[in-house]
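Subject: Structure for your files, with notes

Dear colleague,

I am passing on the structure we spoke about, and my notes on it come after the display. Please read them with the structure open beside you.

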Amino acid sequence: MKLFDVYKRIDTEIIKGKERFVWDAKGNQYLDMFGGHAVISIGHLHPHYMDRLTSQLKHLGFYSNSVRLSLQEQLAEKLGKVCGKENHQLFLCNSGAEANENALKLASFANGRKKIIAFTGAFHGRTSLAVATTDNPAIIAPVNETDNVIFLSHNDIQALEETFAKYKEQISSVIIEGIQGVSGIYISKPEFLQRIRTLCNAYGAYFIGDAVQCGYGRTGKFFAHDYACVEADIYTVAKGMGNGFPIAGLIISPKFTAKTGMLGTTFGGNPLACASALAVLEIFEEENLIENALHIGDYLKTELEKFTEIKEVRGKGLMIGIELLGRYKDLRKNLINKHRIITGEAGQHVIRLLPALNITKGEADLFLTAIKSELK
Ligand SMILES: Cc1ncc(COP(=O)(O)O)c(C=O)c1O
C-alpha cells in the first residue's frame with residue numbers, strides 16, 4: 001500500500017530529536033524553529049516528559065471514558081490554575097479540529113441557534129463545521145458547504161456590528177483566533193476582540209477563542225486573546241498541549257451546563273494523553289516557559305525588525321511571521337539546506353517561527369546569524 005499523498009513535505013526524513021534540535025536520517029543536525037508545527041512546546045525528549053509517559057505506560061496505557069479516570073481531574077485542576085480559569089470546565093478530545101467542532105456544537109446546543117460568524121484568513125481545522133468556518137475554499141468539500149457560516153473581513157468592526165444588527169438572535173457563535181496562524185500571523189486587534197465580546201453579550205451569542213496555535217503560552221500569555229483583556233466563552237486548545245502526544249481540549253465557561261451524551265469521544269482524555277499534558281504543564285511551571293516565550297520572542301522580533309530587507313515582522317512571543325520581499329522567496333529553502341534550520345511558511349513570502357517555548361537566546365542567535373548571512 002502507498003501513502004495517500006496529500007502533504008507538501010520538506011524533502012528531509014527526521015528520525016531523532018533532542019531539546020530544540022532534530023536529526024535527519026543522514027545524521028545532519030537541524031535547529032527546530034518550527035516545533036513540528038507549534039506542537040513541540042517543551043522541546044524534544046524532555047526527561048520529565050519521558051519519565052511521566054513511560055511510567056504511565058507501565059500502569060495503564062488506555063481505558064475509555066466509560067470509567068472514572070482521575071488523571072483527567074488532575075489535568076483539569078492543573079490546567080485551570082496555569083491558564084487562570086479555575087472555575088471553568090474541561091472537555092478533552094484529540095485534535096484542534098475536533099476541539100473547534102465540539103465548541104461550535106456546544107454553543108449551538110446551548111442557545112439553540114445556527115449562524116456562526118468567522119473571518120477572512122481564519123483556519124479552524126478540517127472536520128465539517130471547523131472547515132466550514134475556515135477561509136479556504138480549496139479544502140471545503142461540497143458536503144461541507146453551508147449557509148450557516150457568515151464570513152466577515154478580519155478586524156472590521158463595522159461589518160461585525162452590521163452583521164449582528166442584521167441577524168440578531170440567529171447568531172449562535174463567533175469563532176476567532178487571537179492571532180491567525182495559517183494565513184501568515186495576523187493579530188486580531190484588541191478593540192475588535194472587545195467588540196465581539198460586547199456584541200455576543202448583547203445578543204446572547206457565544207465567543208469561541210480558537211487558541212489551538214496561538215494559545216498554550218506560545219505568545220507570552222496563556223491565550224493570545226488575553227492581550228485584549230477579554231474572556232471567551234469557550235477556548236479551544238491542542239497543538240502544544242501534549243508536546244506531540246495527540247490531545248486537545250475545550251475550556252468551557254461556567255455558563256454552560258453539561259448533559260450526559262452531549263459531547264463524547266473514545267480516545268479523548270486517555271491516560272497517556274493526560275500524563276503527557278500534565279508533564280507539559282509541570283515543565284511550564286518548573287521552567288517558567290511562558291515568561292521565556294515572551295522574553296525570547298521579544299528579542300527575536302526586535303532583532304528581526306532591524307533588517308531593512310524584511311518587509312514586516314508580525315506576532316507575539318514565539319509566534320512570529322516574517323514577511324519577505326519577493327527576491328527572498330528561497331530563504332526558507334536556504335535556511336534548511338545551507339544552515340540546517342527548519343522553519344514554517346505561510347504562502348511564498350511569510351516564514352513562520354513556532355519554536356519550543358524553552359528555546360534559549362543562544363539558539364535564537366543561531367537563527368539570527370543565518371538570517372543575516374542570507375539577507376544581502
Ligand atoms: C488555529 C488553528 N485551529 C485549528 C487547527 C486544526 O488543528 P488540527 O490540525 O489539530 O486538527 C489548526 C491547525 O493548524 C490551527 O492552526
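This is a predicted model: local features need pLDDT of at least 70, side-chain atom pairs count only at pLDDT 80 or more; totals for chains, interfaces and linings use all residues.

Residues are numbered from 1 along each chain as its sequence is written.

Domains. The domain assignment, whose bounds come from an automatic or database source, divides the protein into domain 1 (14-46 + 288-374) and domain 2 (47-286). Taken over C-alpha atoms, the centres of domain 1 and domain 2 are separated by 25 Å. Across the boundary, 26 residues of domain 1 are in contact with 29 residues of domain 2, where contact requires that the C-beta atoms of two residues, placed from the backbone, lie within 7 Å. On the side of domain 1 that touches domain 2, at least two residues each are supplied by α1 (35-38), α9, β13 (310-316), β14 (319-324) and β17 (350-353), with the largest share, 5 residues, coming from α9. Helices (H or I, at least four residues) and strands (E, at least two) are DSSP runs, numbered from the N terminus. By class, that side of domain 1 has 15 nonpolar, 8 polar and 3 charged residues; here Ala, Val, Leu, Ile, Met, Phe, Trp, Tyr, Cys and Pro count as nonpolar, Asp, Glu, Lys and Arg as charged, and the others, Gly among them, as polar.

Ligand. Of the 14 residues around the ligand, G96, A97, G125, V212 and Q213 come nearest, a residue being near if its C-beta atom, placed from the backbone, lies within 6 Å. Helix α4 (residues 96-111) gives the largest share of this shell, 3 residues, and the shell as a whole divides into 5 nonpolar, 7 polar and 2 charged residues.

Helix pairs. The axes discussed here are lines fitted to C-alpha atoms over the stretch in contact, and angles run from 0 to 180 degrees between N-to-C directions. The axes of helix α9 (residues 289-305) and helix α11 (residues 361-374) come within 10 Å and cross at roughly 25 degrees, so that α9 and α11 are roughly parallel to each other, a description used for angles under 35 degrees. In their contact, I296, Y299, L300 and E303 of α9 meet K361, A364 and L368 of α11, which by class amounts to 5 nonpolar, no polar and 2 charged residues.

Helix α6 (residues 157-167) packs against helix α7 (residues 190-203) at an angle of about 10 degrees, with their axes 10 Å apart, and α6 is therefore roughly parallel to α7. The residues that meet are I157, L160, E161 and F164 in α6 and E191, F192, R195, I196, L199 and Y203 in α7; they divide into 7 nonpolar, no polar and 3 charged.

For helix α3 (residues 70-83) and helix α8 (residues 271-286), the axes come within 9 Å and cross at roughly 30 degrees, and α3 and α8 are therefore roughly parallel to each other. Their contact includes L71, L75 and L79 of α3 together with L278 and L281 of α8, and its residues divide into 11 nonpolar, 2 polar and 2 charged.

With best wishes

Definitions and conventions. Angles under 35 degrees count as roughly parallel, over 145 as roughly antiparallel, 65 to 115 as roughly perpendicular and the rest as oblique.
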